[in-house]
Amino acid sequence: MADWPLIAIRWALYADLGLLFGLLLFTLYALAGEERERLLRLRGWTMALTVLGVLLSAYGFLQSAAAMLGTGIEGVDRVSALMLLTETSVGWALLARLAVLTILGIAALTPVLRRMAGLVLLTFLAAIAVASLAWSGHGAATEGPVGMVHLASDIIHLLAAAAWIGALGAFVLIVSRRPQTPEILNAAHRALASFATVGAIIVGLIVATGLVNSYLLVGPRNVLRLAESDYGRLLLIKLTLFAIMLGLAAGNRFRLTPALGKAIGRDGTAAAVVRLKRSLWIETCAGILILGLVAWLGTLPPPASGGS
C-alpha cells in the first residue's frame, strides 16, 4: 500500500526546492538589475520558499523516520530520531539541507540579492538543497562505483528538472502581472527568448541522466515489460507527460514567443498573452504532476531490483 502522507510531503518538497533553485537561477540568466524584484518579487518568494522548505524537510524527516520504525509520527522517539540524523546518509543530507536553507533565508533578508555575486551564492546554496534530495532516492541505495555514477546522475537530473520548473514559474508570474504594460511584456518576451539555449541544455541533461537512471533502475531486459509493474506504469506516465512538456515548450519557443514579440503594442497583444499564458500553465501543471510521480516512484522498488 502506498504511503500517501510521505509521498505528498516528498512531492511538496520537490516542488518547493525546485522553484527556489529554479527561480534564483532564472534571474541570473534571464533578468537584469531591478527587474528581478520588480517583475518577480524575488526576495519575497525566496523567503517564503526557504521557510516552507525548512518546515517540509523537518516534517518529511519525521514521516520517513516513522515509516522506517513502523510507527506513527508520535511514536518517533528522540533517540531514534537522533540516530537517523547522525548515522545515516539521509540524516546527514537533511542536516546539510537545513543548514544551507537557514543561511539562504538569513542572507535573503539582506541586500545580497541585489548583487550578482550574492545572487550566485544564494543560487549555489539552493542547488545544494535540491541536490540533497538525491540521498532519499534510489541513487543513494546503489553501492560501489556504479552507485557514485547513479547518485551523480540523480543530482544532475534533479537540478535540471528544478531549473525547468523554476523557469516556468517565473514565466507564469511575469505574464500574469497586472497591468500588462509594454515594459513587462517586452521583459517577458526577452526572458522567453533567452531561455531557448538554456532550455535546450536543460532538456539534454534531463534526457541523458534519465537514460542513465533508467538503465540502472529498469535494465534493458525489463524495458518491454514496463507495464507489468507499478513502477513501470508510473514511469510510462511520467515519460508521456515529459513528451507533452517538450511539445508545449517547442510551441512556446517557435510559435507563441515570436507571436508575442510581434503583437506587443498592437491590437493582438491580449490574445497573444492569453495563448502564451495558457500554454505555460499547462506545461507547469504537467511538470508538477511529474514531480508527484517522481515522489511516488522513489517509494517503489524498481524493476531491476526484482520489485513489482
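1. Helix H5 covers residues 89-108 and helix H6 residues 116-131; they pack at about 155 degrees, axes 9 Å apart. The crossing of H5 and H6 is left-handed.

2. A word on the source: this is a predicted model, where local features need pLDDT of at least 70, side-chain atom pairs count only at pLDDT 80 or more, and totals for chains, interfaces and linings use all residues. Residues are numbered from 1 along each chain as its sequence is written, and side-chain values use heavy atoms, with hydrogens and water left out.

3. Who touches whom between H5 and H6? On the H5 side, Arg97, Val100, Leu101, Ile103, Leu104 and Ala107 make the contact, and on H6 Leu122, Leu125, Ala126, Ile128 and Ala129 (contact means heavy atoms within 4.5 Å). These residues split into ten nonpolar, no polar and one charged.

4. Now the rings: the whole structure has six aromatic pairs (ring centres within 6.5 Å; planes under 30 degrees apart are stacked, over 60 edge-to-face, the rest tilted). Phe26 and Phe171 are edge-to-face, at 5.1 Å centre to centre and 90 degrees between the planes. Phe26 sits in helix H1 (residues 4-30) and Phe171 in helix H7 (residues 144-175), so this pair ties together parts 145 residues apart in sequence. Both Phe26 and Phe171 are buried (under 20% relative accessible area, with exposed over 50% and partly exposed in between, 1.4 Å probe, protein chains only).

5. Ring pairs also link Phe26, Tyr29, Phe171 and Phe195 into a cluster.

Terms used. Axes fitted to C-alpha atoms, helices over the stretch in contact; angles between N-to-C directions. Helix = DSSP H or I, 4+ residues; strand = E, 2+ residues; numbered from the N terminus. Left-handed = near helix turned anticlockwise from the far one by under 90°. Nonpolar A, V, L, I, M, F, W, Y, C, P; charged D, E, K, R; others polar.
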